[in-house]
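This report covers the aromatic contacts and the metal site of one protein model. The sequence and structure come first.

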Amino acid sequence: LFGAANNIELTVMIRDPDPFKHMQAAVDIVGSSAHPTNKIAATLACTDGTTLSRTNSWPQIIAERLGMEIDIGNASGTVHAETACVLASNAKTEGASVFVTDPPCPNCLKNVAEAGIKALYIDHKGFDKDFARRRGEQFEAMSLRVAERAGIAVHVVYRKDQRLETILKILPGYQPVNELPLRLAAATDDFTDAIKSETQHFQNQPFALVRVQNDKGQIFDLSGSAHPTLGYSHTTLESPDGKYNFVLEPLNRVLMGAARQGLSIDPQYVYSSRVPTAREFINMVGKNLLQLRIGNLNAARDIFGPMALKQLTRAKIITVIEDGRNP
Ligand SMILES: [Zn+2]
């Protein structure tokens, strides 16, 4: 009998106050969101103990120069709260947890996945709001599927009862497929050399490249192509769902990948082989990266990227660095 008992893994339930504390930190600032109707906030808790909270928000420079009413290309000018947390983090987001007042949209889940975040907590009240109901289908159909593939556990937080309900459990040891990881290499003397070598590597695949620095001051070049979200491969890729799809664009990938590893991006060295999508532009501005080198100004995923580029350069928000040696 004792032998059998030894095989049973005993789990000691410790009442961890942190999830409630972190969710409360998000709830405390949600009212300060500039969004007139959909006020959302999130807290990011990194494994080194660092935490930060953000609301969904318009990057200040966009609010000032283009206003909050217009779309940039086909994207609203807002950076969603979860994504804003990742973009603002100086600490590594690998293994972090994120606490959101509302069920996240698929795009944010893709970002959170690429940032290496392993746990998502959603406030139960977020499921009762009007727009959450409207968005519920996307959450069920896409956000949760992305979370499952990427190995992100999902919990609902009942603050009043200090109770957690796990709605997506990830088995211990689960490793998501990472078919085409980002490339990190020692920085070349001349950034254009890095552009050339990555162009050769990626051939006709759209890619992005940024120069990054770690906390020891070492400099690297970080690059990546468009790719299905972490946990998906080209062969398991599911078909797009309305306005969302499972692919993460190159610039978004490197922005999230840099956060994942706690790397800061040098604003002078941001390269995209083609015109980024509108959403990539917004995230870039949200990260305060305002200079962009573009390989081929005539290439884009869709018509909205070039539209966004025109709006952002006319408003003097983004500067395109001309570089004759770009491919
Ligand atoms: Zn979102």
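Which residues do ring pairs link into a cluster? They are Phe 202, Phe 207 and Tyr 271. The model is a predicted one.

**Aromatic pairs**

The structure holds five aromatic pairs. Two of them are listed here.

| Pair | Centre to centre | Angle between planes | Class |
|---|---|---|---|
| Phe 191 and Tyr 269 | 5.0 Å | 55° | tilted |
| Phe 207 and Tyr 271 | 5.5 Å | 40° | tilted |

Phe 191 lies in helix H7 (residues 191–202) and Tyr 269 in strand S14 (residues 264–275), so this pair links parts of the chain 78 residues apart. Phe 191 is buried, at 2% relative accessible area, whereas Tyr 269 is partly exposed, at 23%.

Phe 207 belongs to strand S10 (residues 207–213) and Tyr 271 to strand S14, so their pair ties together parts that are 64 residues apart in sequence. Phe 207 counts as buried because its relative accessibility, 2%, is under 20%. Tyr 271 is also buried, with a relative accessible area of 1%.

**Charges over rings**

The charged end of Arg 211 sits over the ring of Tyr 269, 5.2 Å from the ring centre. Arg 163 lies over the face of Tyr 158, at 4.1 Å from the ring centre.

**Zinc site**

The zinc ion is coordinated by His 80 (ND1), Cys 105 (SG) and Cys 108 (SG), at 2.0 to 2.3 Å. The spacing of these donor residues in sequence is H-x24-C-x2-C. His 80 is in the loop between strand S4 (75–76) and helix H4 (81–88), while Cys 108 is in helix H5 (residues 106–114), 28 residues apart. His 80 is partly exposed at 26% relative accessibility; Cys 108 is buried at 2%.

Notes: Residues numbered from 1 in each chain as written. Predicted model: local features only at pLDDT ≥ 70, side-chain atom pairs only at ≥ 80, totals over all residues. Heavy atoms only, no water. Donors = N, O, S within 2.8 Å, 3.2 Å for Na, K, Ca; no water. Helix = DSSP H or I, 4+ residues; strand = E, 2+ residues; numbered from the N terminus. Buried < 20%, exposed > 50% of the residue type's maximum accessible area, 1.4 Å probe, protein only. Phe/Tyr/Trp six-rings, centres within 6.5 Å; stacked < 30°, edge-to-face > 60°. Lys NZ or Arg CZ within 6 Å of the ring centre and 35° of its normal.
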